[in-house]
Amino acid sequence: MTATLENPQTEMGAIPSFQVTMRVERFDPESGSGSYWQEFTLTMHGTDRVLDALHQIKWDLDGSLAFRRSCAHGVCGSDAMRINGRNRLACKTLLKDLDLDKPVVVEPIKGLPVKKDLIVDMEPFFASYREVMPFLVTTGNQPSRERLQSVEQRAVFDDTTKCILCAACTTSCPVFWSDGQYFGPAAIVNAHRFIFDSRDEGAQQRLQILNDKEGVWRCRTTFNCTEACPRGIEITKAIAEVKRAIVTRSF
Amino acid sequence: MASAPAAPPSPAPVPAPRSSRGRSTLYRGTEGMWSWVLHRITGVGLFLFLLVHVLDTAMVRVSPEVYNDVIGTYKTPIMGVMEAGLVAAVIFHAFNGIRIILVDFLAKGPRYQRVMFWVVIGLTVVLMAGFLPRHLGNVFGGGH
């Protein structure tokens, strides 16, 4: 019996394990001492993600570490954080893909007020999301059958339907860091999703909202949002399409 | 109570917290972000140059002698090196401006922004390679 139990354990050793130093930015609003860095050294495996390392810290080393996560598989978009200087989802970033000779630096996403450790106040982000009317706008009576759409009509806005509202793009934008009034890439992506939907009739209204000093014209095409998006949405391209739509549809 | 939750056995001792208020790291952008940073720096630099340039050219309204005196102070090696920087800034800013226009107006622009950035850098380097030997020869070789 023991022999059969030991065997899987040596098999387990086949997964390479390594030492990882996690450098996490901590902030406790109640201590009043500002933010500070804390390092943890962990033994992790080749199959582990940054989220697993944070779990190990929270569950085994320091229960006071605060971070958001829900599905833990890249669908819900709650664990966006700055890992080694770039916005990523902790649940989609494998430790083995990072440079482990140096500490893995984990910070909260930038530009939103930090509530505790890696948790930021998402309210400004969702406020600008709500402002672009991210819902189907139609007029007249409801049709008695579904609203049909061709494959080509769907393909126009396919990319921007993938957004999971994790805020990785908006908080990677240098314009958003210095100007919190800017709508941000995520709101524009979700406006794009309806502006170019053939079934929707609110495009003019949304373009009017985004044709603003703090709208699409604040975009400086730094491409940080496109690089940061965990769903691979070509965000800067979507913003450029909204810019062009404003210009062409106003003539 | 505040320090009560002693850390359970950990593989390595956890160092004491270090205060680092506002010392968050630099965002590690890629070509897109750094081209924007360069564009801003060269843009502000060119604006300041034009401001000075308008003023020194306006001296000709005072008198040709004053104008010559002001322009004469520019004929130093330090100003010569700054002129080289000025030309580099103009070339980069001009080509990157075209890149931004293409990104905004071509449907495929955003997809090729990275390639276009390196084309901009390449063109800047090539033009500077043609300009620098002659310019620095004039500045340091005492051409005129």
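Buried residues make up 23% of the 144 residues in chain B, where buried means under 20% relative accessible area, exposed over 50%, and partly exposed in between, with a 1.4 Å probe and protein chains only. This is a predicted model, in which local features need pLDDT of at least 70 and side-chain atom pairs count only at pLDDT 80 or more, while totals for chains, interfaces and linings use all residues. Residues are numbered from 1 along each chain as its sequence is written, chains are lettered from A and ligands numbered from 1 in the order in which they are written, and side-chain values use heavy atoms, with hydrogens and water left out.

I will stay with chain B for now. Its secondary structure comes to four helices and one strand; helices (H or I, at least four residues) and strands (E, at least two) are DSSP runs, numbered from the N terminus. The order of the elements from the N terminus on is β-α-α-α-α. On contacts, meaning heavy atoms within 4.5 Å: among those in chain B between residues at least 6 apart in sequence, 65% join residues at least 24 apart. The chain exposes about 9800 Å², and carbon and sulfur atoms supply 73% of that area. Accessible areas come from the Shrake-Rupley method with a 1.4 Å probe, and for residues only the protein chains shown count as cover.

Which residues make the nonpolar surface patch of about 460 Å²? They are Val44(B), Phe47(B), Leu48(B), Leu51(B) and Val52(B). For the rule, patches are made of residues with over 30% relative accessible area and no salt bridge; like charges are joined within 9 Å, and nonpolar side chains (Val, Leu, Ile, Met, Phe, Trp, Tyr) within 5 Å. Val44(B) is found in helix H1, residues 31–62, and is partly exposed at a relative accessible area of 45%.

Asn96(B), in contrast, is buried, with a relative accessible area of 0%. This asparagine is found in helix H3 of chain B, residues 77–105. Leaving aside neighbours within four places in sequence, Asn96(B) is in contact with Ser35(B), His39(B) and Val120(B).

Now chain A. It is divided into domain 1 (5–120) and domain 2 (123–248), with bounds that come from an automatic or database domain assignment. The C-alpha centres of the two domains lie 30 Å apart. Between them, twelve residues of domain 1 are in contact with 14 residues of domain 2.

Helix H2 of chain A, residues 50–61, has twelve residues and reaches 15 Å from its first C-alpha to its last, close to the 16 Å expected at 1.5 Å a residue. The expected span is 1.5 Å times one less than the number of residues. Buried residues in H2(A) include Val50(A), Leu54(A), Ile57(A) and Leu61(A). What do the buried residues of H2(A) pack against? The partners are strands S1 (17–27), S2 (35–45), S3 (80–83) and S5 (104–107) of chain A.

Next, salt bridges: a side-chain nitrogen of Lys or Arg within 4 Å of a carboxyl oxygen of Asp or Glu. Asp117(A) lies in the loop between strand S6 (114–116) and strand S7 (119–120), and Arg26(A) in strand S1, so the pair ties together parts that are 91 residues apart in sequence. Both residues, Asp117(A) and Arg26(A), are buried.

Arg218(A) forms a salt bridge with Asp179(A), at 2.8 Å between the closest N and O atoms. Arg218(A) sits in the loop between helix H7 (203–210) and helix H8 (224–228), and Asp179(A) in the loop between helix H5 (174–178) and helix H6 (185–195), so this pair ties together parts 39 residues apart in sequence. Asp179(A) counts as buried at 15% relative accessibility. A network of salt bridges links Asp179(A), Lys213(A), Glu214(A) and Arg218(A).

In the salt bridge between Arg206(A) and Asp200(A), the closest N and O atoms are 2.7 Å apart. Arg206(A) is buried at 0% relative accessible area, and Asp200(A) is buried at 9%.

Last, backbone angles. Asn84(A) has a phi near 50°, a positive value in a residue other than glycine. Asn84(A) is placed in the loop between S3 and strand S4 (86–89) and is buried, at 16% relative accessible area. Met133(A), also not a glycine, has a positive phi of about 55°. Met133(A) lies in the loop between helix H3 (123–131) and helix H4 (151–155) of chain A, and counts as buried at 13% relative accessibility.
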